[in-house]
Amino acid sequence: MISYLVFDFDGTLADTQQLFIETYNTIAGRRNYRLIEQGSLSHLKKLSVAERCRYLGVPFYRVPFMGIEFLKEYSKSTTYIQPIAGIKQMLGELKSMGYELAIVSSNNKQNIGRFLAEQNIDEISVIHCSSNILGKASLLKRFLKTLDLRADEVIYIGDEQRDILASREAGVKSIAVTWGYDEVGTLAALSPDHIVHTPGDIAKILSS
């Protein structure tokens, strides 16, 4: 029986796309990587992490180190982050349905905690983080172990291919949302357990 609904943060709960682009471009400018332009977004949304690295000229081995550098820049602008439309209502509804709500993210706990406080969101009971964007499966497994949960007690909800793959590796069910970083065709190709197009769709799936 599902007891915990676990959310990714960036792109799933928080609208951070523009901040992500600005932060990446700041780092890319220093390191002579290809910049992300608005016209290339639709193409990038269809690519895997490795394919995005090739397109942008970012050495794949640099990704974990870039994640740490990225979070330092990102942390300077978190006050500008807004929740995805409908997220606050969704969290309140899911909490009222009796679910425990958590966040598992490659962002950091301070950034997420600041966002939740500024937005007066108090439904989240656990925040579990790691700066390694390639290590989300391990993070999910650690979350299960820390809270002494079975995989069948958890659903992971995210907006990227790596969220679906991490869910599968950790043995938990996945819900892919289409309002975030990856486009719907890319998500569907990985066959998540469910795909939703609005925050309200999550409660409908759980009710059925």
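Is Asp 8 buried or exposed? I started my notes there: Asp 8 counts as buried, because its relative accessibility is 2%, and the cut-off for buried is under 20%. I'm keeping in mind that this is a predicted model.

**Entry: the partner of Asp 8**

I looked up what the Asp 8 side chain meets, and found a salt bridge to the side chain of Lys 136, at 3.0 Å from N to O. For the whole structure I noted twelve salt bridges.

**Entry: α1 against α4**

Next I went to a pair of helices. I was reminded that two packed helices are described by the angle between their axes and the distance between the axes. Helix α1 covers residues 17–31 and helix α4 covers residues 63–74; they pack at about 120°, and their axes are 10 Å apart. That angle makes α1 oblique to α4. I also wrote down that the crossing of α1 and α4 is right-handed.

Then I listed who touches whom. From α1 the contact includes Leu 19, Phe 20, Tyr 24 and Ile 27, and from α4 it includes Met 66, Phe 70 and Tyr 74. Arg 30 and Arg 31 of α1 take part too, as do Glu 69 and Glu 73 of α4. Sorted by class, the contact of α1 with α4 has seven nonpolar, two polar and four charged residues.

Which residue forms a salt bridge with Arg 30? I found Glu 69, with the closest N and O atoms 3.0 Å apart. Arg 30 lies in α1 and Glu 69 in α4, so the pair ties together parts 39 residues apart in sequence. Arg 30 is partly exposed, at a relative accessible area of 47%, whereas Glu 69 counts as buried at 15%.

Last, I looked at Asp 182, whose side chain meets that of Arg 52 in a salt bridge (2.3 Å, N to O). Here too the pair links distant parts of the chain, 130 residues apart. Asp 182 is in the loop between β7 (173–177) and α9 (184–188), and Arg 52 is in helix α3 (residues 49–56). Asp 182 is buried, with a relative accessible area of 2%, and Arg 52 counts as buried at 17%.

Key: Residues are numbered from 1 along each chain as its sequence is written. This is a predicted model: local features need pLDDT of at least 70, side-chain atom pairs count only at pLDDT 80 or more; totals for chains, interfaces and linings use all residues. Side-chain values use heavy atoms; hydrogens and water are left out. Axes are lines fitted to C-alpha atoms, for helices over the stretch in contact, and angles run from 0 to 180 degrees between N-to-C directions. Helices (H or I, at least four residues) and strands (E, at least two) are DSSP runs, numbered from the N terminus. Angles under 35 degrees count as roughly parallel, over 145 as roughly antiparallel, 65 to 115 as roughly perpendicular and the rest as oblique. A crossing is left-handed if the near helix is turned anticlockwise from the far one by less than a right angle, and right-handed if clockwise. Contact means heavy atoms within 4.5 Å. Ala, Val, Leu, Ile, Met, Phe, Trp, Tyr, Cys and Pro count as nonpolar, Asp, Glu, Lys and Arg as charged, and the others, Gly among them, as polar. A salt bridge is a side-chain nitrogen of Lys or Arg within 4 Å of a carboxyl oxygen of Asp or Glu. Buried means under 20% relative accessible area, exposed over 50%, partly exposed in between (1.4 Å probe, protein chains only).
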